[in-house]
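Hello,

Please find the structure below. My notes follow it.

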Amino acid sequence: MKHARPSPGGPPRVRSWTRHGGLLLAAGALPFLLQAPAARAAESACQPCHAEQVEAASKGPHAGIATREPRYCESCHGDAARHLESGSAADIVGKAALGKADAKARSMACLTCHRSGFPGWEGTPHSRSAEVSCWSCHGDSWHDAKGKAAKKRGEGACASCHVEQVSEFRRVYRHPVLEGRMGCASCHDVHGKSAGGKKGPEATCLECHPESAGPWVFPHRAIEDGCSSCHVPHGSVNRSLLKTSGNGVCLTCHVQTNFPAAGKVPHNRYLQGGGKCLDCHSEVHGSNVDELMAPQYRKR
Ligand code: HEC
Ligand code: HEC
Ligand code: HEC
Ligand code: HEC
Ligand code: HEC
Ligand code: HEC
Ligand code: HEC
Ligand code: HEC
Ligand code: HEC
Ligand code: HEC
């Protein structure tokens, strides 16, 4: 999923947050964003004393803006004019103040520049939560040379809070997330950019498995209820990521009072000796040749 970058190469957005100060106050932004525009304190002004952060920033995901925009550091640390004179930690928004900022204010410190890229953010469960902000997953985006990590570390960005889901990917049948072949974000739109478009993570199944949904001449109408009628998304002890083993997955919908009849047809004979639904109804998503999804059986 590609999101629009904030005006790369264009006039840096960092200048416009001062103009929108009033709006930010209403949204509960970090108070330092509202301070009067500072004297231009280029990040090279920080270099002599904070080489570590300046160099890391110039190698991380913000390399472009950090080297181009003199006030990049101030977008989180606030007006640095007094600090530049005194060199005193008390004169800058430092660790303690940033540590106290709530989730909404933390996200706002990013959205001042990234606001156009994430229109659906406000509607996501993460943004509604009091404990999650952009920083929760991008905590290394400001001055960490390793940067760019959210994408690369895959489930690592999620593991600290969603231990249970991550452990589902250790089951014997699973999507290859821990193997690094896909990430949590392959299915979950963490930023809610497309909120209102996609119905949810399940809609993305078809981006990678388009063949499952046909179109079939004889579709299995179970598909209408979604892939999750039969599959679990993360990992399973049953092959093919099925919810239950054996015939169970079919019987959740097809069991009836006169079982082992299925539909109008008695199945005693078929199920003798441990017959499996899939032995005969093998084209379980749909078929182009057989309305009962079992071409092999009929040809005989
Ligand atoms: C002349 C040296 C000097 C310059 C230039 C300088 N600082 Fe500092 N800065 C310090 C000192 C000294 C401290 C206090 C370190 C400590 O207490 O451990 C500090 C602390 C900080 C802290 C941490 C405060 C905290 O308590 O967490 C931040 C953030 C900071 N500076 C940002 C900046 C930024 C941004 C710039 C450039 C705009 C800058 N500094 C320029 C000397 C400087
Ligand atoms: C001062 C404006 C500004 C602020 C504040 C800002 N960003 Fe950025 N961000 C940019 C720009 C511009 C880019 C495009 C790359 C560049 O020019 O450095 C970018 C790039 C990124 C990227 C990498 C995009 C890619 O395609 O690899 C990530 C991730 C990111 N920002 C996350 C954040 C987060 C999280 C925050 C808040 C902690 C934040 N940004 C705060 C301006 C900003
Ligand atoms: C997107 C927000 C953001 C930007 C931009 C940013 N910082 Fe920070 N900075 C933080 C946060 C949050 C902390 C405290 C947690 C941490 O160390 O990561 C911090 C901590 C610091 C510290 C204290 C480190 C320590 O371990 O005591 C210094 C010094 C500092 N930043 C300097 C800078 C400089 C210089 C720049 C510009 C190159 C900059 N920061 C840009 C968010 C930011
Ligand atoms: C729940 C974790 C999480 C949260 C919260 C989160 N992100 Fe991300 N972000 C990711 C992951 C994972 C990726 C890389 C995967 C992807 O979407 O392609 C990413 C990618 C990005 C990128 C790179 C551009 C891209 O799409 O490849 C930017 C910029 C970004 N995030 C900014 C933000 C901002 C701003 C916020 C807060 C409004 C935020 N993120 C909140 C996990 C998160
Ligand atoms: C800082 C903790 C934290 C991190 C990191 C985090 N999440 Fe979450 N996540 C939450 C919280 C809190 C909720 C809201 C739970 C609720 O509403 O029940 C949530 C909700 C969700 C939901 C919706 C759950 C539901 O029942 O609708 C999904 C999906 C999700 N997160 C995926 C991710 C993914 C993918 C990542 C990594 C890219 C991630 N989360 C990273 C804390 C986190
Ligand atoms: C193959 C696609 C896919 C991948 C990969 C994936 N998820 Fe999910 N996830 C889903 C679907 C589908 C749901 C069910 C949504 C529903 O029922 O509304 C879901 C549900 C969730 C929920 C809600 C609670 C629950 O268990 O139902 C959380 C939290 C979550 N996923 C986190 C993660 C994390 C963390 C990762 C990476 C370690 C991840 N997911 C990877 C598709 C995926
Ligand atoms: C980003 C691509 C991607 C998405 C999205 C995705 N899958 Fe997968 N799926 C894979 C990969 C890769 C494998 C592993 C194939 C392999 O190991 O050869 C796989 C395996 C499977 C398998 C097991 C296949 C087998 O032969 O055992 C099932 C079933 C499956 N996916 C269903 C789903 C469902 C249901 C969803 C939506 C919740 C989904 N997939 C979303 C890529 C994806
Ligand atoms: C009625 C139950 C059911 C539904 C609904 C269903 N599947 Fe399946 N799926 C199965 C069964 C059973 C298998 C194992 C087939 C086998 O072993 O021959 C399977 C196998 C798969 C496989 C492995 C490769 C293959 O085609 O055999 C993928 C991928 C897959 N399903 C994806 C999906 C997706 C995506 C959806 C939603 C569009 C979906 N399934 C809906 C029952 C279902
Ligand atoms: C989510 C519910 C659901 C599940 C699970 C399910 N089915 Fe179905 N199945 C349906 C519906 C709905 C129809 C349409 C006919 C009907 O209403 O009975 C159908 C029809 C069929 C038909 C008859 C085809 C037709 O058009 O009349 C066969 C054969 C069948 N299913 C086999 C299976 C098998 C084998 C499984 C297990 C892999 C399975 N079903 C799992 C809902 C389901
Ligand atoms: C040995 C092969 C065989 C097995 C095993 C089997 N079936 Fe069938 N099934 C058939 C045949 C053949 C028909 C069609 C009979 C006819 O046309 O007279 C049928 C018909 C059906 C129908 C459609 C009935 C109608 O109303 O038209 C459903 C639904 C069905 N089976 C479900 C299942 C389920 C669920 C299982 C597993 C519990 C299963 N079958 C196991 C051979 C089998």
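Predicted model: local features only at pLDDT ≥ 70, side-chain atom pairs only at ≥ 80, totals over all residues.

Residues are numbered from 1 along each chain as its sequence is written, and chains are lettered from A and ligands numbered from 1 in the order in which they are written.

The protein chain has an average pLDDT (the predictor's confidence in each residue, from 0 to 100) of 78, and 77% of the residues score at least 70. Over residues 1-43, pLDDT stays under 50.

Helices here are DSSP runs of H or I, at least four residues, numbered from the N terminus. In helix 3 (residues 47-57), Val54, Ala56 and Ala57 are buried (20 or more other C-beta atoms within 10 Å of a residue's own, C-beta atoms being placed from the backbone; exposed means 12 or fewer). Seen down the axis of helix 3, these buried residues fall within an arc of 160 degrees, so they line one face of the helix; the arc is that of the directions from the helix axis to the C-beta atoms. Ala51 and Glu52 are exposed on the other side of helix 3.

Ligand 9 is surrounded by 18 residues, counted as near if the C-beta atom, placed from the backbone, lies within 6 Å. The closest are Ala222, Ser229, Cys250, Cys253 and His281. Helix 15 (residues 248-254) gives the most to this shell, five residues. Around ligand 8 there are 19 residues, of which Cys205, Ser212, Ala222, Cys227 and Cys230 come nearest.

Regards

Notes
Helix = DSSP H or I, 4+ residues; strand = E, 2+ residues; numbered from the N terminus. Contact = placed C-beta atoms within 7 Å.
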